[in-house]
Amino acid sequence: MTQQTVYAYIDGPLGEMLLVGRVAEGGAGVTELASLSLPGQKGAVTVQDGWRRAPEAFEAITAQLAEYFAGRRDRFDIAYAAGGTDFQRRVWRALEDIPYGSTVSYGDIARRVGSSGAGVRAVGTAIGRNPLLVVRPCHRVVGADGSLRGYAAGLERKERLLGLEGAHV
């Protein structure tokens, strides 16, 4: 079964977000979220020729994001499109296990994926390539000393997301 890439722009408290997903051609199935980009984000996705604008394909995702930003959702129930290397996927799964309102260090994530020591840098790179900002909570990863470090969409947005969740930073 072939898939079509669809996209939509939605407004949010962090600016206009670009959602990109994949749906089965000709089907009315579930949209698998492939990317959520924020304005000015490092490495942000841009709309490509052949993609179809389809806000209706993202209604369930949009509703969950609205609930999250309103403080009524602490976990997302979204189908994700496959992507990334095996190592990146391991790191990204570890991100999904970080509880709402809490933070962990890059070293903690490295230990969880069996890549401590020099592997912390590789973990940081994998986190920086997370295509699903907000919904895959890379904003919950901080420096070993608890300081805010790196966020593709800017530290002010990272701080804002952590504040929304009531995380102590």
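Predicted model: local features only at pLDDT ≥ 70, side-chain atom pairs only at ≥ 80, totals over all residues.
**Stop 1: the aromatic pairs.** Searching the whole structure gives four aromatic pairs. Select tyrosine 68 and phenylalanine 69 to begin. Their rings pair edge-to-face, with 5.3 Å from centre to centre and 70° between the planes. Tyrosine 68 is buried, because its relative accessibility of 0% falls under the 20% cut-off. Phenylalanine 69 is buried as well, with a relative accessible area of 17%.

Tyrosine 68 and phenylalanine 76 make a tilted pair, with the centres 5.3 Å apart and 45° between the planes. Phenylalanine 76 has 15% relative accessibility, so it counts as buried.

Ring pairs join Tyr68, Phe69, Phe76 and Tyr100 into a cluster.

**Stop 2: a charge over a ring.** Select tyrosine 80 and arginine 136. Which face does arginine 136 lie over? Arginine 136 is placed over the face of tyrosine 80, at 5.2 Å from the ring centre.

**Stop 3: a strand residue.** Select residues 3–10, which make up strand E1, and pick out threonine 5 within this strand. Is threonine 5 buried or exposed? Threonine 5 is buried, because its relative accessible area of 19% is under 20%.

To see what surrounds threonine 5, show its contacts, leaving out residues up to four places away in sequence. Threonine 5 then touches Val20, Gly21 and Arg22, and also Gly50, Trp51 and Arg52.

Definitions and conventions:
Residues numbered from 1 in each chain as written. Heavy atoms only, no water. Phe/Tyr/Trp six-rings, centres within 6.5 Å; stacked < 30°, edge-to-face > 60°. Buried < 20%, exposed > 50% of the residue type's maximum accessible area, 1.4 Å probe, protein only. Lys NZ or Arg CZ within 6 Å of the ring centre and 35° of its normal. Helix = DSSP H or I, 4+ residues; strand = E, 2+ residues; numbered from the N terminus. Contact = heavy atoms within 4.5 Å.
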